[in-house]
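Reader: I would like to learn how to read a structure feature by feature, with the general idea given before the case. Could we begin with the surface and work inwards from there?

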Amino acid sequence: MVDLKTTYMGLELCNPVIVGSSGLTATVESIEEIAKQGAGAVVLKSLFEEQILMQIDKSMEDMPAAFRYPGAEDHLRYFERKHAVDEYLTLIRNAKKAVNIPIIASINCISSGDWTHFAKEIEAAGADALELNIFILPSDPDISGEELQKRYFTIIKNVRKETSLPVAVKISYYFDAVAGMLQRLSHTGISGMVLFNRFYSPDIDLDTETMISGLPYSHPEDFVMPLRWVGLMYGSVDCDMAATTGIHDASTAIKMILAGASAVQMVSAYYLEGTEYIATVISEMRQWMEEHNYTSIAQMKGRLSQGNLREGALYERVQFIKNFQQQS
Ligand SMILES: Cc1cc2nc3c(=O)[nH]c(=O)nc-3n(C[C@H](O)[C@H](O)[C@H](O)COP(=O)(O)O)c2cc1C
């Protein structure tokens, strides 16, 4: 008998298929549907740090420097009107009442300011865990990599002071020494890391010659970046890993587990195919496991991680040389 149970961030999940933070996880009704389709957990739509700061009525002078730019006040008022913090807490409470799968709250943040106390309220509302989507695009040439990295550690420290909930960080790969950074982050007491965040990409409309935002959805070939880093980091980080970005089917989800992920977070595929597709992904995972004589996720997890490959670190280099020799 195949058992898809997995442990992620210390939470027992009936399977590793998590619906990631998005509009799909913004209402109780759609969370109920997601649970009905069999998902292992949901990460709620993110609340923005700015929304929390507006709630506590901070004046612009008290705002972190990152928010002090022309038009910022209007921008922040927009957040205040559109998304009430109280509504977020109500969503957590109601989702907890409505479904039995773990509910992971999510905060999108860029600083370690006064908002971090809010983690306590998320815990009191009944969330099972908290995911911090630390969304810092290293686009300011005057801020050093070291300074930016420090921000991640301060955010985690301040949040962990406020809550005993398991905390995960969802991050990008924009670090100069990715492996070291991921390893150091995993030593901060976090329970999980989500690799990798997908930034909204800019695009240009050639008719109007204006900047527009690119397609919000990932492409199936985007899976290679999380696969590489999950495979490389398995066994060298002190927390669970969830893979995200470019996982559009059961096959890619299985690859992530074989590389070392405890769970996968999928979003674009469910926007494109509908939430009924959750059940398909789970059933195809189960079928593959049966065909390959696996009875548990634990047996599969990390089997093809870099550390468990006989060739070890040589593997990538050898493949690289082989490929280039064949093509030249
Ligand atoms: C429409 C949409 C809304 C999203 N909203 C959030 C969000 O509020 N917070 C967050 O952390 N990620 C958000 N994401 C990112 C997803 O959680 C996920 O990390 C990303 O889409 C990559 O996974 P995928 O390839 O399965 O789509 C959103 C993605 C989409 C497509």
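**Reading the features**

Author: At 66% relative accessibility, Lys 36 counts as exposed, because exposed means over 50% relative accessible area, buried under 20% and partly exposed in between, with a 1.4 Å probe and protein chains only. This is a predicted model, in which local features need pLDDT of at least 70 and side-chain atom pairs count only at pLDDT 80 or more, while totals for chains, interfaces and linings use all residues. Residues are numbered from 1 along each chain as its sequence is written, and side-chain values use heavy atoms, with hydrogens and water left out.

Reader: Which residue meets Lys 36 in a salt bridge?

Author: A salt bridge is a side-chain nitrogen of Lys or Arg within 4 Å of a carboxyl oxygen of Asp or Glu. The partner of Lys 36 is Glu 33, at 3.5 Å from N to O, and Glu 33 is partly exposed, with a relative accessible area of 24%. Because the two residues are three apart in helix α1 (residues 28-36), about one helical turn separates Lys 36 from Glu 33; helices here are DSSP runs of H or I with at least four residues, strands are runs of E with at least two, and both are numbered from the N terminus.

Reader: How many salt bridges are there by this rule?

Author: The count comes to four. Another of them joins Asp 128 to Lys 96, whose closest N and O atoms are 2.8 Å apart. That pair links distant parts of the chain, 32 residues apart, since Asp 128 sits in the loop between α5 (118-125) and β7 (129-134) and Lys 96 in helix α4 (residues 85-98). Lys 96 is partly exposed, at a relative accessible area of 28%. In a further pair, Lys 5 forms a salt bridge with Asp 3, with 3.4 Å between the closest N and O atoms; Lys 5 counts as partly exposed at 45% relative accessibility, and Asp 3 does so at 33%.

Reader: Which side chain does Gln 149 join in a polar contact, and at what distance?

Author: A polar contact is a pair of N or O atoms within 3.5 Å; within protein, one must be able to donate a hydrogen and the other to accept it, and residues adjacent in sequence count only if both atoms are side-chain atoms. The side chain of Gln 149 joins that of Arg 184 at 2.9 Å. Gln 149 belongs to helix α6 (residues 145-162) and counts as buried at 12% relative accessibility.

Reader: Is Thr 245, which has a positive phi, buried or exposed?

Author: Thr 245 is buried, with a relative accessible area of 15%, and its phi is about 95 degrees. The loop that holds Thr 245 runs between β12 (240-244) and α9 (250-259).

Reader: How far apart are the C-alpha atoms of Pro 166 and Gly 10?

Author: They are separated by 7.4 Å, although the residues are 156 apart along the chain. Pro 166 lies in the loop between α6 and β8 and is buried, at a relative accessible area of 18%.
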